[in-house]
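Please walk me through this model in the viewer, stop by stop. For each stop, tell me what to select and what is there.

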Amino acid sequence: MIINNKRALAYVEKIAWVKPIEEADNIELIGINGWTCIAKKGEFKENDLCVYFEIDSKLPAADWSAFMESKGYKVKTMKLNKFKVISQGLALPFSAFGAEYKIPPIIHSDLTDILKVTYSVEEDNKRKADSEDKYKRMEQRKPKLFANPLIKKIMKYKIGRNIMFFFFGKKKDKKTAWPDWVKKTDEERIENMPWILENSKQLWIPTEKIDGTSTTFTMKRAAMGKMDYRVCSRNVVFDNPDKACYYDTNVYLEMGKKYNVEEVLRNILATRKDVEYVTLQGETYGAGIQKRDYGMKDHDFAAFNLIYGYKNGEVQRFNPSEMTAILKPLGIPCVPILSYGGIILPATIEELRAYVNGTKSVIDNGMREGVVFRSIDGKSSFKCVSPEFILKYHS
């Protein structure tokens, strides 16, 4: 769930419903937003508050998480074939935690940092660590200062790190920080916003969700007629070709070169004098990116966001049909659109998942990861990921 513009892996939620599992003596199903989880029988009742851990979470080794040790403390999608049910996520009662955690009984309280929960995917953890590079370089220049116990304490907090960087950081370090005009790609799941399906008569444009690595290209006008061009992964800015990349080769710079992205963005700004910056975001996919490699021996890119930031302060995110009309003539491939005119959403998550699983990938006719839905005005969007896909490729 996105809480305060940040992906929360653990947070307070309400039990929406409790249902029995046929022939199961010790477990039952519970509903949390649009998620279905397995819980001990009698552990929860409807409207109880709980601590919910999303799939892809990794719990710390602690007394309260000891029962997850055999699973490597990882929360994954599970399928119990015997009972024909799928569980996505983990719910624990407040009583499972010691008083020292001070969990607030407020729905959507983000507990990710309090409980020291991280992404279970090594790649995401490494990217998050890499995004702290500017602070590491700052500390390395002044080791005596940053060895001070008081400064160490200050550096534990984001506001403290920002203050220290203001005084001791360097512009060349800040260059590698995430560009402040760009919003990171982290599409919300329909399971965290099921209410959007209630009596929805709005048209949504569905596009195939590709299993790859998020890639961002952005260009902003700078002083003296110059342009500030950045190439980014989900969290890391690749300001020079020698900067370490998670993959064997820097696939982000590779895609920028393959599709001449810098020149494309420069030409857009040259022709649109009313635009201050343009951002292109998409998925890089293929060999070695994920387990689902689409049978490819190389890499490719598909855009899913085209964003204009205007000089008057307005920001426009184009819908997929508009984006494709702009980018295709410029040689930039886009994610496959499944219905250019848009569709009316079904009433339930089960029906939506049936739609998602109904056809194969446009790319290679294999299993489709999911579908991203965007409103006609381009302002709203969400994703629906196939549990069967997760079980096959990400469990």
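Start with Cys334, which is buried (under 20% relative accessible area, with exposed meaning over 50% and partly exposed in between, for a 1.4 Å probe and protein chains only). The relative accessible area of Cys334 is 17%. Its sulfur lies 19 Å from the closest cysteine sulfur, that of Cys232, which is too far for a bond. The model is predicted, so local features need pLDDT of at least 70 and side-chain atom pairs count only at pLDDT 80 or more, while totals for chains, interfaces and linings use all residues. Residues are numbered from 1 along each chain as its sequence is written, and side-chain values use heavy atoms, with hydrogens and water left out.

**Cysteines**

Select Cys37 next. Disulfides are taken as pairs of cysteine sulfur atoms within 2.5 Å, and a search of the whole structure finds zero of them. Cys37 is in no disulfide, and the nearest cysteine sulfur, in Cys50, is 7.9 Å away. Cys37 is buried, at a relative accessible area of 0%.

Go to Cys232, which stands opposite Thr216 and belongs to β16. Helices (H or I, at least four residues) and strands (E, at least two) are DSSP runs, numbered from the N terminus. Strand β16 covers residues 227-232, and five of its six residues are buried. Show β15 (residues 213-221) beside it: six bridges join β15 to β16, and the two run antiparallel. Strands count as paired if DSSP finds at least two bridges between them. The hairpin has five residues between its strands, and there Met224 takes a positive phi near 60°.

Select β8 (residues 57-58), which two bridges join to β9 in an antiparallel run. Ser57 has Val75 of β9 as its bridge partner. The sheet is open and has three strands in the order β9-β8-β13, with antiparallel pairing. β9 and β13 (118-119) are at the edges with a single partner strand each, so one side of each is left without a neighbour in the sheet.

Leu59 is in the loop between β8 and β9. Is Leu59 buried or exposed? Leu59 is buried, with a relative accessible area of 3%.

**Hairpin of β10 and β11**

Colour β10 and β11 (residues 85-88), which are joined by four bridges and run antiparallel. Lys79 has Ile86 of β11 as its bridge partner. Four residues lie between the strands of this hairpin, and Lys84 takes a positive phi near 60°.

Ile32 is in strand β5 (residues 27-32) and is buried, with a relative accessible area of 0%.

**Second largest pocket**

A pocket here is an open set of points on a 1 Å grid over the protein atoms alone, with protein on both sides within 12 Å along at least five of seven lines; a cavity is a set where a 1.4 Å probe fits but cannot get out, and lining residues have an atom within 4 Å of a point. Points are joined across faces, edges and corners, and a volume is the space filled by probe spheres set on them.

The second largest pocket has a volume of about 500 Å³. Its lining has 20 residues, with Ile38, Phe67, Met68, Met78 and Leu90 nearest its centre. The elements giving two or more residues to that lining are β6 (35-40), β9 (74-75), β10 (77-80) and β12 (90-92). The lining divides into 13 nonpolar, two polar and five charged residues. Ala, Val, Leu, Ile, Met, Phe, Trp, Tyr, Cys and Pro count as nonpolar, Asp, Glu, Lys and Arg as charged, and the others, Gly among them, as polar.

**Second largest cavity**

There are two cavities of 30 Å³ or more. Which residues line the second largest cavity? Select Met1, Ile2, Arg7, Glu54, Asp186, Glu187, Glu188, Arg189, Asn192 and Lys383. The volume of this cavity is about 40 Å³, and its lining has two nonpolar, one polar and seven charged residues.

**Helix α5**

Finish at α5 (residues 158-168), where Gly160, Arg161, Met164 and Phe165 are buried. Seen down the axis, these residues fall within an arc of 135°, so they line one face of the helix. The arc is that of the directions from the helix axis to the C-beta atoms. The face turned away from the buried side carries the exposed residues Lys158, Ile159, Phe166 and Phe167.
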